[in-house]
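I opened my notebook to see how the inside of a protein is packed. Come along and look with me.

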Amino acid sequence: MFDVIVKNCRLVSSDGITEADILVKDGKVAAISADTSDVEASRTIDAGGKFVMPGVVDEHVHIIDMDLKNRYGRFELDSESAAVGGITTIIEMPITFPPTTTLDAFLEKKKQAGQRLKVDFALYGGGVPGNLPEIRKMHDAGAVGFKSMMAASVPGMFDAVSDGELFEIFQEIAACGSVIVVHAENETIIQALQKQIKAAGGKDMAAYEASQPVFQENEAIQRALLLQKEAGCRLIVLHVSNPDGVELIHRAQSEGQDVHCESGPQYLNITTDDAERIGPYMKVAPPVRSAEMNVRLWEQLENGLIDTLGSDHGGHPVEDKEPGWKDVWKAGNGALGLETSLPMMLTNGVNKGRLSLERLVEVMCEKPAKLFGIYPQKGTLQVGSDADLLILDLDIDTKVDASQFRSLHKYSPFDGMPVTGAPVLTMVRGTVVAEKGEVLVEQGFGQFVTRRDYEASK
(Lines give C-alpha, C1' and ligand atoms only; values in the text may rest on other atoms or scores of the structure.)
Protein backbone atom coordinates (compact mmCIF):
# COMPACT_ATOMS: atom_id res chain seq x y z
CA MET A 1 0.00 0.00 0.00
CA PHE A 2 1.46 3.33 -1.07
CA ASP A 3 0.70 6.70 0.42
CA VAL A 4 0.22 8.56 -2.87
CA ILE A 5 0.06 7.80 -6.56
CA VAL A 6 0.52 10.69 -8.97
CA LYS A 7 -0.97 9.35 -12.21
CA ASN A 8 -0.79 10.37 -15.85
CA CYS A 9 2.45 12.34 -15.59
CA ARG A 10 4.67 13.58 -18.35
CA LEU A 11 7.75 13.29 -16.17
CA VAL A 12 10.55 15.77 -16.94
CA SER A 13 14.25 15.31 -16.18
CA SER A 14 17.36 16.72 -17.83
CA ASP A 15 17.53 13.49 -19.84
CA GLY A 16 14.09 13.72 -21.38
CA ILE A 17 10.35 13.41 -20.88
CA THR A 18 8.61 10.10 -20.14
CA GLU A 19 5.02 9.10 -19.47
CA ALA A 20 4.78 7.41 -16.06
CA ASP A 21 3.10 7.33 -12.67
CA ILE A 22 4.94 8.22 -9.46
CA LEU A 23 4.37 6.13 -6.34
CA VAL A 24 5.17 7.67 -2.97
CA LYS A 25 5.80 5.95 0.37
CA ASP A 26 7.03 7.59 3.59
CA GLY A 27 7.81 10.84 1.82
CA LYS A 28 10.06 9.19 -0.79
CA VAL A 29 9.67 8.20 -4.41
CA ALA A 30 9.07 4.48 -3.99
CA ALA A 31 8.58 3.58 -7.65
CA ILE A 32 8.09 5.04 -11.11
CA SER A 33 5.91 2.87 -13.29
CA ALA A 34 4.11 2.98 -16.60
CA ASP A 35 1.29 0.80 -15.25
CA THR A 36 -0.17 1.23 -11.76
CA SER A 37 -3.65 -0.13 -12.53
CA ASP A 38 -3.36 -2.80 -9.83
CA VAL A 39 -1.59 -0.61 -7.25
CA GLU A 40 -3.37 0.68 -4.17
CA ALA A 41 -2.66 3.97 -2.44
CA SER A 42 -4.25 6.11 0.24
CA ARG A 43 -4.50 9.03 -2.20
CA THR A 44 -4.48 9.34 -5.97
CA ILE A 45 -3.60 12.57 -7.72
CA ASP A 46 -4.32 12.75 -11.43
CA ALA A 47 -1.86 14.98 -13.26
CA GLY A 48 -4.07 14.75 -16.33
CA GLY A 49 -1.20 14.38 -18.76
CA LYS A 50 0.47 17.59 -17.57
CA PHE A 51 4.21 17.96 -17.17
CA VAL A 52 5.54 16.93 -13.76
CA MET A 53 9.01 18.10 -12.69
CA PRO A 54 11.10 17.97 -9.52
CA GLY A 55 10.58 20.76 -7.02
CA VAL A 56 12.80 23.78 -7.61
CA VAL A 57 15.95 24.10 -5.47
CA ASP A 58 16.52 27.84 -5.06
CA GLU A 59 20.12 28.25 -3.98
CA HIS A 60 19.95 32.04 -3.51
CA VAL A 61 17.38 33.21 -0.99
CA HIS A 62 17.30 35.98 1.60
CA ILE A 63 14.07 35.16 3.43
CA ILE A 64 15.23 36.10 6.89
CA ASP A 65 16.92 39.22 5.60
CA MET A 66 17.92 41.62 8.39
CA ASP A 67 15.73 40.40 11.26
CA LEU A 68 16.34 36.94 12.69
CA LYS A 69 13.73 37.59 15.39
CA ASN A 70 11.31 38.01 12.51
CA ARG A 71 8.64 39.89 14.39
CA TYR A 72 6.54 40.23 11.26
CA GLY A 73 6.21 36.57 10.28
CA ARG A 74 8.58 36.63 7.35
CA PHE A 75 9.73 33.03 7.78
CA GLU A 76 6.20 31.76 7.37
CA LEU A 77 4.95 34.17 4.73
CA ASP A 78 7.91 34.11 2.38
CA SER A 79 8.10 30.32 2.55
CA GLU A 80 4.45 30.32 1.47
CA SER A 81 5.58 32.27 -1.59
CA ALA A 82 8.14 29.55 -2.24
CA ALA A 83 5.50 26.83 -2.02
CA VAL A 84 3.11 28.63 -4.37
CA GLY A 85 5.98 29.37 -6.75
CA GLY A 86 7.10 25.74 -6.99
CA ILE A 87 10.22 26.06 -4.83
CA THR A 88 10.44 23.08 -2.49
CA THR A 89 13.93 23.67 -1.08
CA ILE A 90 15.46 27.04 -0.31
CA ILE A 91 19.11 27.64 0.53
CA GLU A 92 19.11 30.62 2.86
CA MET A 93 21.88 33.20 2.64
CA PRO A 94 23.90 34.29 5.72
CA ILE A 95 23.32 38.06 5.52
CA THR A 96 20.97 38.44 8.47
CA PHE A 97 20.99 40.08 11.85
CA PRO A 98 22.88 38.57 13.53
CA PRO A 99 24.89 37.38 10.52
CA THR A 100 25.40 33.65 10.09
CA THR A 101 29.15 33.91 10.59
CA THR A 102 29.52 31.91 13.83
CA LEU A 103 28.43 28.47 14.93
CA ASP A 104 26.07 29.95 17.53
CA ALA A 105 24.33 32.14 14.93
CA PHE A 106 24.10 29.21 12.53
CA LEU A 107 22.44 26.98 15.13
CA GLU A 108 20.00 29.72 16.12
CA LYS A 109 18.97 30.29 12.51
CA LYS A 110 18.54 26.55 12.01
CA LYS A 111 16.28 26.43 15.08
CA GLN A 112 14.18 29.44 14.07
CA ALA A 113 13.80 28.30 10.47
CA GLY A 114 12.89 24.76 11.50
CA GLN A 115 10.08 26.01 13.69
CA ARG A 116 8.54 28.27 11.08
CA LEU A 117 9.34 27.55 7.43
CA LYS A 118 6.80 25.70 5.29
CA VAL A 119 9.21 24.23 2.71
CA ASP A 120 12.51 22.43 3.21
CA PHE A 121 15.67 24.44 3.70
CA ALA A 122 19.44 24.37 3.82
CA LEU A 123 21.73 27.06 5.20
CA TYR A 124 24.85 28.92 4.17
CA GLY A 125 27.50 30.11 6.54
CA GLY A 126 29.30 33.37 5.92
CA GLY A 127 32.96 33.99 5.17
CA VAL A 128 33.87 37.45 6.47
CA PRO A 129 36.99 39.14 7.82
CA GLY A 130 38.08 37.47 11.05
CA ASN A 131 35.80 34.41 11.17
CA LEU A 132 38.02 31.80 9.52
CA PRO A 133 37.94 29.41 12.55
CA GLU A 134 34.12 29.38 12.46
CA ILE A 135 33.91 28.04 8.91
CA ARG A 136 34.85 24.48 9.82
CA LYS A 137 32.44 24.55 12.78
CA MET A 138 29.51 25.64 10.62
CA HIS A 139 30.45 23.09 7.96
CA ASP A 140 30.42 20.32 10.55
CA ALA A 141 27.05 21.57 11.83
CA GLY A 142 25.50 21.15 8.39
CA ALA A 143 26.16 24.26 6.29
CA VAL A 144 25.90 23.29 2.63
CA GLY A 145 28.06 26.18 1.51
CA PHE A 146 29.51 29.59 2.37
CA LYS A 147 29.19 33.09 0.99
CA SER A 148 31.65 35.96 0.77
CA MET A 149 31.17 39.45 -0.59
CA MET A 150 33.77 41.10 -2.80
CA ALA A 151 31.56 44.23 -2.83
CA ALA A 152 28.09 45.50 -1.81
CA SER A 153 28.66 44.44 1.79
CA VAL A 154 26.71 45.48 4.87
CA PRO A 155 29.35 47.42 6.85
CA GLY A 156 29.72 46.41 10.46
CA MET A 157 27.56 43.34 9.98
CA PHE A 158 28.67 41.40 6.87
CA ASP A 159 31.81 43.09 5.57
CA ALA A 160 33.41 42.54 2.19
CA VAL A 161 36.67 40.61 2.20
CA SER A 162 40.03 41.65 0.81
CA ASP A 163 41.71 39.47 -1.78
CA GLY A 164 44.00 38.01 0.88
CA GLU A 165 41.08 37.20 3.18
CA LEU A 166 39.15 35.70 0.29
CA PHE A 167 42.08 33.48 -0.65
CA GLU A 168 42.32 32.17 2.92
CA ILE A 169 38.59 31.48 2.92
CA PHE A 170 38.93 29.64 -0.40
CA GLN A 171 41.70 27.51 1.12
CA GLU A 172 39.52 26.63 4.12
CA ILE A 173 36.57 25.79 1.87
CA ALA A 174 38.82 23.46 -0.11
CA ALA A 175 39.99 21.78 3.11
CA CYS A 176 36.36 21.28 4.22
CA GLY A 177 35.26 19.95 0.84
CA SER A 178 32.52 22.56 0.73
CA VAL A 179 31.49 25.23 -1.78
CA ILE A 180 31.94 29.00 -1.71
CA VAL A 181 29.69 31.48 -3.52
CA VAL A 182 30.77 35.05 -4.15
CA HIS A 183 29.18 38.35 -5.02
CA ALA A 184 31.73 39.47 -7.61
CA GLU A 185 31.95 43.22 -8.11
CA ASN A 186 34.73 45.77 -7.59
CA GLU A 187 33.81 47.93 -4.61
CA THR A 188 36.46 50.60 -5.13
CA ILE A 189 35.50 51.19 -8.77
CA ILE A 190 31.81 51.35 -7.81
CA GLN A 191 32.51 53.92 -5.11
CA ALA A 192 34.60 56.05 -7.45
CA LEU A 193 31.93 56.02 -10.15
CA GLN A 194 29.15 56.74 -7.69
CA LYS A 195 31.05 59.78 -6.44
CA GLN A 196 31.42 61.10 -9.99
CA ILE A 197 27.80 60.44 -10.93
CA LYS A 198 26.36 61.94 -7.77
CA ALA A 199 28.50 65.05 -8.23
CA ALA A 200 27.02 65.40 -11.72
CA GLY A 201 23.49 65.16 -10.29
CA GLY A 202 22.62 61.65 -11.46
CA LYS A 203 19.72 60.24 -9.42
CA ASP A 204 17.74 57.92 -11.71
CA MET A 205 18.06 54.23 -12.52
CA ALA A 206 20.36 55.02 -15.46
CA ALA A 207 22.72 56.67 -12.97
CA TYR A 208 22.67 53.59 -10.76
CA GLU A 209 23.31 51.29 -13.72
CA ALA A 210 26.22 53.49 -14.84
CA SER A 211 27.80 53.23 -11.38
CA GLN A 212 28.12 49.43 -11.67
CA PRO A 213 29.16 48.78 -15.27
CA VAL A 214 29.96 45.43 -16.81
CA PHE A 215 33.74 45.88 -16.77
CA GLN A 216 33.97 46.14 -12.98
CA GLU A 217 31.86 43.01 -12.52
CA ASN A 218 34.05 41.06 -14.92
CA GLU A 219 37.25 42.32 -13.29
CA ALA A 220 36.04 40.87 -9.99
CA ILE A 221 35.04 37.61 -11.66
CA GLN A 222 38.55 37.28 -13.09
CA ARG A 223 40.11 37.86 -9.65
CA ALA A 224 37.85 35.23 -8.08
CA LEU A 225 38.75 32.73 -10.80
CA LEU A 226 42.47 33.28 -10.28
CA LEU A 227 42.18 32.78 -6.53
CA GLN A 228 40.06 29.67 -6.99
CA LYS A 229 42.54 28.15 -9.42
CA GLU A 230 45.26 28.37 -6.80
CA ALA A 231 43.12 27.29 -3.82
CA GLY A 232 41.27 24.47 -5.60
CA CYS A 233 37.87 24.92 -3.93
CA ARG A 234 34.46 24.69 -5.56
CA LEU A 235 33.35 28.21 -6.53
CA ILE A 236 30.02 29.56 -7.76
CA VAL A 237 29.93 33.14 -9.03
CA LEU A 238 26.53 34.54 -8.14
CA HIS A 239 24.02 36.53 -10.20
CA VAL A 240 26.23 36.97 -13.25
CA SER A 241 24.47 39.72 -15.16
CA ASN A 242 26.34 39.86 -18.45
CA PRO A 243 27.31 37.36 -21.17
CA ASP A 244 31.01 38.23 -21.13
CA GLY A 245 31.15 37.28 -17.46
CA VAL A 246 29.44 33.99 -18.32
CA GLU A 247 32.10 33.36 -20.96
CA LEU A 248 34.92 33.98 -18.47
CA ILE A 249 33.52 31.37 -16.09
CA HIS A 250 32.78 28.87 -18.85
CA ARG A 251 36.32 29.19 -20.18
CA ALA A 252 37.79 28.47 -16.75
CA GLN A 253 35.40 25.56 -16.32
CA SER A 254 36.39 24.09 -19.69
CA GLU A 255 40.01 24.25 -18.56
CA GLY A 256 39.24 22.06 -15.56
CA GLN A 257 38.50 24.56 -12.80
CA ASP A 258 35.69 23.63 -10.39
CA VAL A 259 33.86 26.88 -11.07
CA HIS A 260 30.22 27.48 -11.90
CA CYS A 261 27.97 30.28 -13.09
CA GLU A 262 24.71 31.39 -11.53
CA SER A 263 22.43 33.93 -13.17
CA GLY A 264 18.84 34.80 -12.33
CA PRO A 265 15.38 35.47 -13.75
CA GLN A 266 15.87 39.22 -13.25
CA TYR A 267 18.67 39.28 -15.82
CA LEU A 268 16.70 37.20 -18.31
CA ASN A 269 13.27 38.81 -18.07
CA ILE A 270 13.95 42.55 -17.76
CA THR A 271 16.52 44.92 -19.27
CA THR A 272 17.66 48.52 -18.95
CA ASP A 273 14.83 49.41 -21.33
CA ASP A 274 12.43 48.73 -18.45
CA ALA A 275 14.09 51.14 -16.02
CA GLU A 276 11.78 54.11 -16.52
CA ARG A 277 8.69 51.95 -15.97
CA ILE A 278 9.90 49.77 -13.06
CA GLY A 279 12.23 52.26 -11.38
CA PRO A 280 13.68 51.35 -7.97
CA TYR A 281 11.83 48.04 -7.91
CA MET A 282 14.41 46.70 -10.35
CA LYS A 283 17.36 48.04 -8.35
CA VAL A 284 19.45 44.93 -7.81
CA ALA A 285 23.18 44.36 -7.66
CA PRO A 286 24.68 43.84 -10.16
CA PRO A 287 22.18 45.83 -12.23
CA VAL A 288 20.24 44.34 -15.11
CA ARG A 289 21.87 44.92 -18.48
CA SER A 290 20.98 45.86 -22.04
CA ALA A 291 18.50 44.12 -24.33
CA GLU A 292 21.42 42.99 -26.51
CA MET A 293 23.11 41.29 -23.56
CA ASN A 294 19.78 39.76 -22.55
CA VAL A 295 19.52 37.98 -25.91
CA ARG A 296 22.99 36.51 -25.48
CA LEU A 297 22.20 35.36 -21.92
CA TRP A 298 19.20 33.38 -23.17
CA GLU A 299 21.40 31.71 -25.78
CA GLN A 300 24.04 30.88 -23.17
CA LEU A 301 21.41 29.45 -20.84
CA GLU A 302 20.01 27.07 -23.43
CA ASN A 303 23.51 26.12 -24.63
CA GLY A 304 24.72 25.05 -21.19
CA LEU A 305 27.04 27.92 -20.24
CA ILE A 306 24.93 28.97 -17.24
CA ASP A 307 24.85 26.30 -14.54
CA THR A 308 22.11 27.46 -12.20
CA LEU A 309 19.42 30.09 -11.72
CA GLY A 310 18.77 31.63 -8.30
CA SER A 311 16.01 34.08 -7.43
CA ASP A 312 18.14 36.30 -5.15
CA HIS A 313 14.87 36.84 -3.30
CA GLY A 314 15.22 39.59 -0.73
CA GLY A 315 12.64 42.25 -0.09
CA HIS A 316 12.90 45.62 1.57
CA PRO A 317 9.75 47.30 2.88
CA VAL A 318 8.04 49.39 0.21
CA GLU A 319 8.96 52.54 2.14
CA ASP A 320 12.62 51.66 1.52
CA LYS A 321 12.02 51.39 -2.23
CA GLU A 322 9.65 54.29 -2.99
CA PRO A 323 12.18 57.12 -2.37
CA GLY A 324 14.16 55.73 -5.29
CA TRP A 325 11.76 57.24 -7.79
CA LYS A 326 13.23 60.65 -6.98
CA ASP A 327 16.67 59.59 -5.78
CA VAL A 328 17.83 56.10 -6.67
CA TRP A 329 20.59 56.21 -4.05
CA LYS A 330 17.94 56.24 -1.31
CA ALA A 331 16.39 52.93 -2.43
CA GLY A 332 17.51 49.59 -1.05
CA ASN A 333 18.93 46.88 -3.32
CA GLY A 334 16.93 43.72 -3.84
CA ALA A 335 13.75 42.25 -5.28
CA LEU A 336 11.29 39.52 -4.46
CA GLY A 337 11.51 36.38 -6.57
CA LEU A 338 10.23 33.21 -4.93
CA GLU A 339 6.74 33.45 -6.38
CA THR A 340 7.79 34.57 -9.86
CA SER A 341 11.05 32.80 -10.79
CA LEU A 342 9.58 29.63 -12.23
CA PRO A 343 6.52 31.25 -13.90
CA MET A 344 8.70 33.88 -15.59
CA MET A 345 11.09 31.22 -16.90
CA LEU A 346 8.18 29.14 -18.17
CA THR A 347 6.63 32.21 -19.80
CA ASN A 348 9.60 33.80 -21.54
CA GLY A 349 11.75 30.70 -21.83
CA VAL A 350 9.86 27.43 -22.30
CA ASN A 351 6.70 28.82 -23.89
CA LYS A 352 8.65 31.05 -26.27
CA GLY A 353 10.92 28.23 -27.39
CA ARG A 354 14.07 29.75 -25.91
CA LEU A 355 14.53 27.10 -23.21
CA SER A 356 13.59 23.44 -23.12
CA LEU A 357 11.82 21.99 -20.11
CA GLU A 358 14.68 19.53 -19.75
CA ARG A 359 17.22 22.34 -19.53
CA LEU A 360 15.03 24.26 -17.10
CA VAL A 361 14.94 21.24 -14.78
CA GLU A 362 18.72 20.96 -15.03
CA VAL A 363 19.43 24.57 -14.01
CA MET A 364 16.65 25.05 -11.44
CA CYS A 365 16.52 21.60 -9.85
CA GLU A 366 19.26 19.09 -10.61
CA LYS A 367 22.42 21.20 -10.87
CA PRO A 368 21.92 23.29 -7.70
CA ALA A 369 21.19 20.12 -5.73
CA LYS A 370 24.35 18.50 -7.08
CA LEU A 371 26.59 21.50 -6.47
CA PHE A 372 25.51 21.78 -2.83
CA GLY A 373 25.66 18.05 -2.12
CA ILE A 374 21.93 17.46 -1.54
CA TYR A 375 21.38 15.36 -4.69
CA PRO A 376 19.67 12.90 -5.17
CA GLN A 377 17.66 13.62 -2.03
CA LYS A 378 16.61 16.83 -3.75
CA GLY A 379 16.50 18.09 -7.32
CA THR A 380 15.35 14.89 -9.03
CA LEU A 381 12.53 12.36 -9.15
CA GLN A 382 14.05 8.92 -8.90
CA VAL A 383 13.52 6.00 -6.58
CA GLY A 384 14.75 6.94 -3.09
CA SER A 385 14.58 10.70 -3.66
CA ASP A 386 12.33 12.92 -1.59
CA ALA A 387 8.93 13.13 -3.28
CA ASP A 388 9.25 16.84 -4.08
CA LEU A 389 7.37 17.53 -7.29
CA LEU A 390 5.39 20.08 -9.26
CA ILE A 391 2.48 19.69 -11.64
CA LEU A 392 2.78 22.37 -14.32
CA ASP A 393 0.06 23.98 -16.38
CA LEU A 394 1.84 25.47 -19.39
CA ASP A 395 -1.38 26.90 -20.81
CA ILE A 396 -2.61 28.91 -17.84
CA ASP A 397 -2.73 32.63 -18.67
CA THR A 398 -2.55 35.26 -15.96
CA LYS A 399 -0.32 38.14 -14.93
CA VAL A 400 1.97 38.89 -12.02
CA ASP A 401 -0.05 40.63 -9.31
CA ALA A 402 2.34 41.53 -6.51
CA SER A 403 -0.54 42.71 -4.31
CA GLN A 404 -1.57 39.06 -4.01
CA PHE A 405 1.85 37.69 -3.08
CA ARG A 406 2.05 35.43 -0.06
CA SER A 407 5.29 37.07 1.05
CA LEU A 408 5.53 39.74 3.73
CA HIS A 409 6.37 42.45 1.18
CA LYS A 410 4.24 42.77 -1.92
CA TYR A 411 6.04 44.22 -4.91
CA SER A 412 7.97 42.87 -7.87
CA PRO A 413 9.97 44.06 -10.86
CA PHE A 414 7.67 41.75 -12.84
CA ASP A 415 4.42 43.25 -11.48
CA GLY A 416 1.78 43.41 -14.20
CA MET A 417 3.71 41.26 -16.67
CA PRO A 418 1.78 38.50 -18.48
CA VAL A 419 2.41 34.92 -17.42
CA THR A 420 1.77 31.76 -19.40
CA GLY A 421 2.63 28.68 -17.41
CA ALA A 422 2.82 28.07 -13.66
CA PRO A 423 2.88 25.28 -11.09
CA VAL A 424 -0.64 24.30 -10.00
CA LEU A 425 0.41 21.76 -7.37
CA THR A 426 3.53 21.63 -5.19
CA MET A 427 4.47 18.53 -3.18
CA VAL A 428 7.21 18.29 -0.55
CA ARG A 429 8.12 14.85 0.79
CA GLY A 430 4.86 13.39 -0.46
CA THR A 431 2.66 16.08 1.09
CA VAL A 432 0.81 18.62 -1.04
CA VAL A 433 1.99 21.95 0.38
CA ALA A 434 0.30 24.22 -2.17
CA GLU A 435 -2.41 23.77 -4.77
CA LYS A 436 -3.87 26.39 -7.10
CA GLY A 437 -2.42 29.21 -5.03
CA GLU A 438 -3.52 27.91 -1.63
CA VAL A 439 -0.97 26.84 1.01
CA LEU A 440 -1.99 23.66 2.82
CA VAL A 441 0.63 23.09 5.55
CA GLU A 442 1.38 24.69 8.89
CA GLN A 443 4.52 26.51 9.96
CA GLY A 444 7.36 24.19 10.86
CA PHE A 445 6.54 21.69 8.13
CA GLY A 446 9.87 22.46 6.43
CA GLN A 447 12.84 20.28 7.35
CA PHE A 448 16.55 21.03 7.48
CA VAL A 449 18.61 19.53 4.67
CA THR A 450 22.36 19.06 4.71
CA ARG A 451 25.07 17.63 2.50
CA ARG A 452 25.18 13.93 1.75
CA ASP A 453 28.18 11.82 2.72
CA TYR A 454 29.40 11.50 -0.86
CA GLU A 455 30.94 14.15 -3.08
CA ALA A 456 28.48 15.94 -5.34
CA SER A 457 29.09 15.58 -9.05
CA LYS A 458 30.65 18.53 -10.81
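Below are my entries on the cores and on one helix.

**Entry 1: the cores.** I kept in mind that this is a predicted model. I looked up the largest nonpolar core and found 101 residues in it. Which of them touch the most other members? They are Met53, Ile90 and Val182. I also noted a second, separate core of 18 residues, with Val4, Leu11, Val52 and Val432 among them.

**Entry 2: around Ile90.** I listed what Ile90 touches, leaving out residues up to four places away in sequence. The list holds Asp58, Val61, Ile63, Ala82, Leu117, Val119, Asp120, Phe121, Ala122 and Leu338.

**Entry 3: helix 8.** I turned to helix 8, which has 12 residues, 243-254. From first C-alpha to last, helix 8 reaches 16 Å, close to the expected 16 Å. At the N-terminal end I found a cap: a side-chain oxygen of Asn242 lies 3.1 Å from the backbone nitrogen of Asp244. After the helix comes Gly256, with a positive phi near 105°.

**Entry 4: what covers helix 8.** Which residues of helix 8 are buried? I wrote down Pro243, Gly245, Val246, Leu248, Ile249 and Ala252. Their cover includes helix 7, strand 11, strand 12 and helix 11.

**Entry 5: helix 8 meets helix 11.** I checked the two axes: they come within 9 Å and cross at roughly 30°. Helix 8 brings Pro243, Asp244, Val246 and Glu247 to the contact, and helix 11 brings Met293, Arg296, Leu297 and Gln300. I sorted these residues into 4 nonpolar, 1 polar and 3 charged.

Methods:
Residues numbered from 1 in each chain as written. Predicted model: local features only at pLDDT ≥ 70, side-chain atom pairs only at ≥ 80, totals over all residues. Heavy atoms only, no water. Core = buried A, V, L, I, M, F, W, Y, C linked by side-chain atoms within 4.5 Å. Buried < 20%, exposed > 50% of the residue type's maximum accessible area, 1.4 Å probe, protein only. Contact = heavy atoms within 4.5 Å. Helix = DSSP H or I, 4+ residues; strand = E, 2+ residues; numbered from the N terminus. Expected span 1.5 Å × (residues − 1). Polar contact = N/O pair within 3.5 Å; in protein donor to acceptor, adjacent residues only side chain to side chain. Axes fitted to C-alpha atoms, helices over the stretch in contact; angles between N-to-C directions. Nonpolar A, V, L, I, M, F, W, Y, C, P; charged D, E, K, R; others polar.
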